[in-house]
Amino acid sequence: SEGIIIILPCQGCNPLAETGRSKLQNQRAVLNQQILRAVRMRAGAENLLRYVATNNNKVREQVLLELSFVNSDLQILKEELEGLNISVEVYQNTEETFSIPLVPLGLKETKEVDFTLPLKDFILEHYSEDGSEYEDEIADLMDLRQACRTPSRDEAGIEMLISYFLQLGYIENRFFPPTRHMGILFTWYDSFTGVPVCQQNLLLEKASILFNTGALYTQIGTRCNRQTQAGLENAVDAFQKAAGVLSYLKETFTHTPSYDMSPAMLSVLVKMMLAQAQECVFEQIGLPGIRNEFFTLVKMTQEVAKVGEVYMLVNTAMNQEPVKENIPYSWSKLAQIKSDHYKALAHYFIATILCDHELQSGDDEDQQEKALSQLYDYMPEGLMILTVLKDKVQRKQLGKSHLRKAIVYHEEALRVCGLCKKLRNIDVLQEVLTAAHKRSLLKYAQQETEDDFLSLIQAPDILPKTEHKIETIAPHFSKVKVKDFFHRLGPLTVFSAKQRWTAPRTIRIHHEAGELGFSLKGGSPVQIYCLDPVCSAASMGLKEGDYIVSVGGVDCKWHGVNEVLEKFKSVGEQPIEIEVISCQDTAASMHSKSATYSVGMQKTYSLICLAMEEDKIDQTKKVPLKLPFLSWGTKNRQKAASTLCLTSAVAGSSQIKKKLSPFTLLNTESSLY
């Protein structure tokens, strides 16, 4: 349907490709390993200092010296990692541009994870099926995860990350019971500190994938061609979506153990992405050229003042604890530079209004007064808007005061840029700041100077305003449709890690005077209902509430009442074997549609109302039919043997005809602890 994205087989980027971005990611991976070694050495030295060197002064001095060396080494590695985070030129559009670079987020690195043995063992233990029959599905999952480590920098990469995130929702419900760990260790490296976080919690995996989704959006935004309207529109959209994903991550995963995903850090990153979107909006307005016209300049003054304001807020947030310790220093300085630069432009524009546009007889002075008054919160003592418009001297003096303030902001931006080693090496940044500074100096030099010693007017602050409000765009997970890799296990509402089942039992059904001795109920799988306790099936072990998983050797976990009844009909009076399972939980789920079948009689249906929790699931969220998943890269087909033994044979599965029931994926109370 329109607006729905279908995930087709795709691959991640080649990790060995010698592109600028891949080189940075490879350097990040190497730095992460070096930081890991240094952190381990520091932990060892601290333990030695705590437990061994307490009474031996000589050993204590040696340990303190070693600890000092390790801390110094860690600081150097952290500075190198910061250098990667400010390597913004690699991510910019390759076209010639004269714009201040935008800042992308680097992708979090991770270690490989082998799902094979834990999932095969759990399938055998929990679902009583042969785990080796699901090796293809496990390989698909591992291929998808591997591809997500190097996603392409486009919409296909975003879709792949989201598809894996959604797939993790199925995996969590299928294989991760709330009472114990699966023994699968997930390791992710902090994007800013390089320190690894290792947990057996799938929520760490989900949170990290979300972070990388937001980071990839920022890389897409910085790659857009900012010399075209379409490119700027795409950049604004990408940064808004990045802010939306990071905001969703902050609100959903509230106790992340990684600095880069802490609520304080994510709040700063959201502010930074929205500020970059606001910057692109201003560039979009000024792309056709800024006409030297009164009302046009008033609009541009307010728009550029808004950009300066949001970057000032970003810089303030970056210098607050605890973010200050981990945010790259160059990011904070760049936010300060941009704030000063755009504030200077605002003062330059209003100075141009005052110096170049004298009130003429044909001008609408009321409209000009109203427009100019919107730029100020207050006026300098002794000045009024209408008087300034009419008085040439006051107009010139106020205009020159704005130019002086613009020059001060430009000089401060250049000074801060010069103090930061990594920023002063970005040539285009230096060029933009220098050009804007020279333009303001030239404008000031063109004004009359004989009355400068009398000019004591201080330029008032400019009120920021925008007609293009920038807000976060929440992620639309529903647009990406994925198919549960392990759908053969059965409907997720029944066959999940939260519910325990007995091993399948074989029951031989004999017709007795045209009667089976029980009714069928439910959607899929069907359930035994109204069992006659004296019938032959009951004597063979059939129980009220049992689920039928196989009829005549054919898997029917996805079959409804109609299909199961047809199978009973097809054998006529002949005996037929079925396999059933019993729920070991006290509150077994029940279905709402029932059917009673007797040989030679037409089936009848009756609706019943049961206040069971599963029936409260929103039926509008059912996943529609989708093309099957094929492959993400070369599959790992190593047939690892299970550490458990199969207790009973399981019937083969038939072609699946129905989709999964929806499941609760996005829990706002998720926690990584």
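**Hairpin, core and salt bridges**

Mentor: Start with strand 2 (residues 186–189) and strand 3 (residues 196–199), which run antiparallel and are joined by 4 bridges. Keep in mind that this is a predicted model.

Trainee: Which residue is the bridge partner of Y189 in strand 3?

Mentor: P196.

Trainee: And which residue takes a positive phi in that hairpin?

Mentor: G194, with phi near 75°. The hairpin has 6 residues between the strands.

Trainee: Zooming out, how many helices and strands does the chain have?

Mentor: There are 17 helices and 12 strands. The chain has 673 residues, and 52% of them count as buried.

Trainee: What about the largest nonpolar core, how many residues are in it?

Mentor: It has 141 residues. L105, F115, F175, L269 and F486 have the most contacts inside this core. Helix 10 (residues 329–356) gives the most to it, with 13 residues.

Trainee: Take F175. What does it touch, leaving out residues up to four places away in sequence?

Mentor: L119, F122, I123, Y127, M182, F486, L489 and A497.

Trainee: Where's the rest of the nonpolar packing?

Mentor: A second, separate core has 22 residues, including I507, F518, L542 and F568.

Trainee: Switching to charges. How many salt bridges does the count come to?

Mentor: The count is 22. One of them pairs K108 with D260, with the closest N and O atoms 2.8 Å apart. K108 is in the loop between helix 2 (57–85) and helix 3 (116–127), while D260 is in the loop between helix 7 (229–252) and helix 8 (263–286).

Trainee: Are K108 and D260 buried or exposed?

Mentor: Both are buried.

Trainee: What does E135 pair with?

Mentor: K120, with the closest N and O atoms at 2.9 Å.

Trainee: Why does E135 count as buried?

Mentor: Because its relative accessible area is 11%, and the cut-off for buried is under 20%. K120 also counts as buried, at 2% relative accessibility.

Trainee: And the salt bridge of E471 and K469, how far apart are N and O?

Mentor: 3.5 Å. E471 is partly exposed, at 43% relative accessible area, whereas K469 is exposed, at 67%.

Key: Residues numbered from 1 in each chain as written. Predicted model: local features only at pLDDT ≥ 70, side-chain atom pairs only at ≥ 80, totals over all residues. Heavy atoms only, no water. Core = buried A, V, L, I, M, F, W, Y, C linked by side-chain atoms within 4.5 Å. Buried < 20%, exposed > 50% of the residue type's maximum accessible area, 1.4 Å probe, protein only. Helix = DSSP H or I, 4+ residues; strand = E, 2+ residues; numbered from the N terminus. Contact = heavy atoms within 4.5 Å. Pairing = 2+ DSSP bridges. Salt bridge = Lys/Arg side-chain N within 4 Å of Asp/Glu carboxyl O.
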